[in-house]
Amino acid sequence: MSEDQAGNDRRGCRSTFLIGAILACLLLVTGFVLTLFQPDGHLPPSASDPVVVDRSNIFEQEFASACSRVREDESPWAIRLREEDLNAWLWVRLPAWVAHLGGTDAYGTTPMFQARVEPGRVVITTDTVAIAFRSELVDGDLRIMPATGSSMGRLPVPSRMVELLMGSIELPTIGDVLLPGGDGATYGLEDGELVVPARHRLGDDRVVELLEVQIDEGEVVLVMRTLPPPSG
Amino acid sequence: MTTQRRRVVITGLGPICTFGIGIKPMWEGMVAGASGIRPIESYDASAFDCPLAAQLAADDFDVRKLVPKTYRKATKVMARDIALAVGGAAMAVEDAGLVTRATDPDGEPTIPPSRTGCHIGAGLIAADVNELSLAVSTSVDEDGEFDLSKWGDSGMGNLTPLWLLKYLPNMLACHVTIIHDCQGPSNTITCAEASSGLSIGESMRVISRGHADVCLSGGAECKLDPMGVLRQQFAGRLATVRDGDDPTRVVRPFMEDAGGSVLGEGGGILVLEALESARSRGVAPIAEIAGFGASQAACPDTVGLVYADDDRSVQAAITCALASADCSPEDIDAILPLGSGIPVRDAIDRRAIQDVFGDRASELPLITCVPNIGLCGAGSGALATALAAECLRRQMLPARIGEEGAETPGLDAGPIEARSAELRSILVFTTSMGGQNTALVLRRFDEEEVDG
Amino acid sequence: MSESPRVVLTGIGWVTPLGCDIDSVWKKLVSGASGMAPITRFDARTFPTSFAAEVKDYDVAEYLRDPSLHQHAGLNSQFALGAASQAWRRAGLDRFEQLDRSRVGLYLGAGEGVLDTENYMRANLRGWDPEARCIDGVRWAENALECMHAQKEIEQEPNMPLAHLAREFEVNGPAYNCLTACAASTQAIGEAFDIIRRGEADVMISGGAHTMIHPLGVTGFNRLTALSTHKGDPAEASRPFDRTRDGFVMGEGSGIVVIESLEHAAARGATPLAEIIGYGSSCDAFRITDIQPDGRGAAAAMEMALDQAGIDPGRLAENGRPPIDYISAHGTGTQENDSIETRAVRRVFGDLAPSIPMSSIKSMMGHLIAAAGAVELITCVMAIQQGELPPTRNLHHPDPELDLDYVPNESRKAPVDTCLSNNFGFGGQNDTLIVTRFKG
């Protein structure tokens with residue numbers, strides 16, 4: 001009996017192990033297969049579609065126009081960034097700017113970013129990974145940090161892993177790109193968070209300050225104000 | 001949008017010259033063989049080589065009477081050139097039977113303002129020498145020379161704030177467009193004697209491309225002020241007058257003893273109209289402007305006082321005008337050249353006529369008017385065109401004046417009485433100091449021919 | 001019905017307060033440089049306005065085949081010769097031997113020459129009879145004949161730049177000079193465009209040249225209170241669209257373009273820099289000193305040009321972009337002009353107006369009067385070529401009435417295909433040109 005039992009136990013153990021191993025293999029295979037898929041919802045627009053090209057241009061023009069407009073006083077103003085505009089820009093204008101800033105080689109094979117704007121977070125996807133971000137304004141800096149919802153392919157990844165990953169990703173300095181002529185803005189990675197100064201100096205020394213970021217379904221609203229040049 | 005070229009006709013004439021305002025006194029003076037050339041009256045011009053000019057008698061021309069009452073105040077900021085254009089426009093509008101803001105402020109304008117253009121040739125308008133000298137007279141240093149520092153500090157305050165606006169060349173068109181409410185394309189051409197012809201050409205293009213239906217078109221100039229006379233004397237264009245010379249015989253175009261020209265003040269505005277516009281309002285065109293050509297001479301002296309002997313630019317302008325009128329030299333019945341009496345300019349006219357018309361050159365009657373009304377700068381072409389149009393309307397050639405028996409070798413340009421003539425087409429061409437040339441073919445307007 | 005020929009720009013050249021060649025001036029424009037400084041041509045220290053944007057370090061002889069042909073040329077003609085030579089070479093016409101010069105015309109919007117102030121005033125003062133309070137004609141004439149110079153006087157005629165260009169390039173086509181104040185060279189190019197469309201010429205040299213930086217020129221505009229009397233840095237005097245704007249700053253120079261029928265350009269293998277597709281001209285017929293306050297006249301010119309170009313100003317283009325990518329504003333920096341121009345652009349483009357960038361380079365190189373329009377059209381061509389918009393310098397104080405995108409203070413990279421250039425003249429002339437990227 002005991003042998004039988006022991007045998008049974010061994011068999012049970014083995015089968016449990018086997019099932020476990022098979023399950024683990026299945027999981028791994030599934031996970032691996034999942035990573036082979038494009039992240040959910042990654043459907044980038046075509047950068048050669050003239051409608052997309054124009055949307056990106058208009059978006060950039062409107063954004064630059066809003067930021068550089070001379071304003072009566074320091075009262076806040078807001079600009080709405082819609083998901084489709086962001087994407088058009090990421091696809092058409094970002095590579096152009098990267099090239100313009102001399103980064104052609106590094107970005108010759110630039111992964112094509114796509115943004116998905118969901119309440120509270122922006123998910124940036126490429127054809128292999130999706131990284132979710134949220135943002136907070138802390139002490140005059142905009143801190144961009146991983147949020148839940150990242151994945152490799154379609155395999156969910158804990159946000160902690162993304163923080164580790166972020167050490168190796170160099171995001172283009174979008175602020176500089178959109179507001180050429182600005183200076184003094186230092187970008188950096190701190191504790192796995194991207195730190196972007198919330199104040200940007202314009203070419204004529206006025207300062208545009210980001211006051212609030214609202215992330216809703218399909219759109220990001222930036223609340224800003226324009227400050228006069230520092231006296232002197 | 002391209003359309004078939006629209007035909008352009010003249011429906012109103014508004015010349016102003018030494019004989020008076022409007023076509024009637026001008027025609028009467030030209031038919032009678034009169035000349036308005038006499039000593040300059042507004043200042044003592046005796047130190048100039050040519051102290052003569054063809055002037056308007058003060059009684060004949062008061063611009064205040066030719067503008068709406070509400071506009072009289074603005075006549076204070078009109079240099080003489082501007083006043084001439086404003087007066088000419090008033091006459092032309094009246095002659096064409098147009099209702100404008102000026103003729104009836106409450107009435108419906110005959111042509112919508114946005115469809116009415118205005119192209120007026122103008123010259124370099126000199127500041128009124130008395131007004132400027134008075135203002136400057138307090139800005140002098142110890143040596144009696146002009147003191148720029150005093151002028152900048154206080155002297156310039158002596159000038160009326162609108163001083164500059166009296167002398168901008170485009171103020172001719174500015175006042176005319178305001179008075180008659182012309183909101184269509186408007187331009188000011190400044191190419192000396194060619195200005196009017198080029199303005200007429202531009203009006204034709206504007207009407208033809210469909211940007212206007214009617215244009216007030218022409219030019220005006222008065223160079224009789226000391227600065228104007230000085231510049232013309234410097235350019236070697238004026239006759240040297242000696243005591244005892246008969247003022248009416250000083251200008252002798254195409255004659256062997258021609259010795260220079262005499263200035264006149266004047267100009268003219270014509271109403272140019274798309275043929276269908278004239279038809280739809282039931283007016284008979286005075287003449288059709290059938291052809292236009294323009295060209296530029298490259299002059300050996302650069303500034304265009306003389307043309308090169310082998311220059312063929314005038315011929316090119318004439319040929320182009322004939323071609324655009326769809327006619328040949330044989331179709332021309334009379335010619336109105338610049339005929340300034342300046343030997344080098346007469347030679348240009350002569351060469352062009354002989355080149356284009358060959359054997360017929362000596363038979364074709366020339367019309368000359370400078371001995372009668374003087375050389376009127378930017379107004380010359382408009383006066384010539386108005387005169388040619390009136391010739392077509394009346395089927396008559398005006399008199400030519402000059403010493404009896406004066407010879408004009410190779411050209412029919414000697415003195416002659418006015419006479420009736422069968423006139424179908426007249427060529428008007430003008431060359432300028434600066435080298436711009438224009439040619440216009442005016443054609444008797446024949447309603448049956450159009451209908452048929 | 002026959003199709004009018006397309007008209008392309010093949011040559012551009014300018015002589016400006018920021019320099020005398022296309023590329024270096026363009027760099028200065030997009031970097032927001034200023035050409036203003038105290039006036040050096042005469043002692044203007046006591047004048048209400050003592051600064052201007054003068055052309056510096058310019059020698060016309062560098063551009064000419066034979067400078068002796070132009071030895072008496074006035075400053076306006078000298079500027080025109082330099083700009084035209086650049087344009088002529090850029091168009092490759094200096095190397096094109098089969099050119100039919102009778103088919104090459106000229107249409108300039110050039111200003112009158114510079115008065116010989118010193119001698120003119122001498123004659124006036126010596127001829128002045130203080131008792132009669134008028135001049136003594138004989139004394140005036142004697143002094144004038146003695147102290148004034150024939151060549152200098154002849155060169156003041158406004159058609160002299162035409163004569164100089166005709167001589168330099170040996171061209172014989174139709175030749176015009178128009179002088180509609182600040183709108184002149186825009187109008188000149190517009191009419192030159194029409195002359196080619198009508199087949200009256202194959203090639204036109206067009207543009208403008210002007211300087212009024214002389215004592216009576218500054219006097220005239222000072223008396224009209226049109227000039228900025230800014231105290232302080234002259235570079236901050238020209239402030240188009242800024243609430244504190246107080247008038248324009250005089251500039252000088254020339255802009256010349258070579259335009260030709262596409263067929264002619266193609267046949268000789270020339271590269272079009274841009275295509276002209278619309279021209280509009282209207283007249284305010286309002287007052288001699290003021291502009292129609294509702295911007296009707298300016299709007300009429302823009303509408304006429306847009307209509308000719310086949311552009312509907314009230315709708316986004318098929319590609320979703322605003323109907324025009326950039327407006328080169330007349331933007332003089334006078335209170336009246338900038339308000340009314342803004343109103344006119346709103347009137348034409350409606351709700352789309354704020355999405356169209358519009359700047360005034362007069363903030364940097366001053367107002368080139370008759371030559372302004374041509375220089376600004378060349379700026380549009382460069383914006384198309386370079387994909388960058390020059391800024392409106394010195395725009396720091398918003399005017400609540402002015403709510404368009406004036407590209408304040410710094411240039412902006414932007415895709416530019418179609419530009420509209422406006423110029424309005426004292427006297428009521430309004431002119432608009434539309435140029436677009438050349439697409440075969």
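What follows is a short chat about the predicted model shown above.

Trainee: Before anything else, what sort of model is this?
Mentor: This is a predicted model, and what I say about domains, cores, strands and contacts should be read with that in mind.

Trainee: Okay, which domains is chain C divided into?
Mentor: Chain C is divided into domain 1, made of residues 8-115 + 156-436, and domain 2, made of residues 117-150.

Trainee: And what separates the centres of those two?
Mentor: Taken over C-alpha atoms, the centres of domain 1 and domain 2 of chain C are 37 Å apart.

Trainee: Switching to chain B, how many residues of chain C are in contact with it?
Mentor: On the chain C side 85 residues are in contact with 82 residues of chain B, and the chain C residues on that side divide into 41 nonpolar, 27 polar and 17 charged.

Trainee: What covers the buried residues of α3(B)?
Mentor: The cover includes, from chain B, helices α4 (148-153) and α7 (226-234), and, from chain C, α3 (117-127), β5 (128-129), β6 (134-135) and α4 (137-147).

Trainee: How many of the residues of that helix are buried, and which ones?
Mentor: Helix α3 of chain B, residues 129-136, is mostly covered, with six of its eight residues buried, and these are Val129(B), Asn130(B), Leu132(B), Ser133(B), Ala135(B) and Val136(B).

Trainee: New topic: which residues have the most contacts inside the largest nonpolar core?
Mentor: They are Val86(B) and Val262(B), in a core of 322 residues, and the element that gives the most to this core is helix α2 of chain B (residues 80-96), with 11 residues.

Trainee: What does Val86(B) touch?
Mentor: Leaving aside residues up to four places away in sequence, Val86(B) touches Val63(B), Leu66(B), Val67(B), Met78(B), His175(B), Val176(B) and Ile179(B).

Trainee: How many bridges join it to β1(C), and how many to β16(C)?
Mentor: Strand β1 of chain C (residues 7-15) is joined to β10(C) by three bridges and runs antiparallel to it, with Leu9(C) having Ala274(C) as its bridge partner. Strand β16 of chain C (residues 429-436) also pairs with β10(C) in the antiparallel sense, over eight bridges, and there Cys283(C) stands opposite Gln429(C).

Notes. Residues numbered from 1 in each chain as written. Chains lettered and ligands numbered in written order. Predicted model: local features only at pLDDT ≥ 70, side-chain atom pairs only at ≥ 80, totals over all residues. Domains from an automatic or database assignment. Contact = placed C-beta atoms within 7 Å. Nonpolar A, V, L, I, M, F, W, Y, C, P; charged D, E, K, R; others polar. Core = buried A, V, L, I, M, F, W, Y, C linked by C-beta atoms within 7 Å. Buried ≥ 20, exposed ≤ 12 C-beta atoms within 10 Å, placed from the backbone. Helix = DSSP H or I, 4+ residues; strand = E, 2+ residues; numbered from the N terminus. Pairing = 2+ DSSP bridges.
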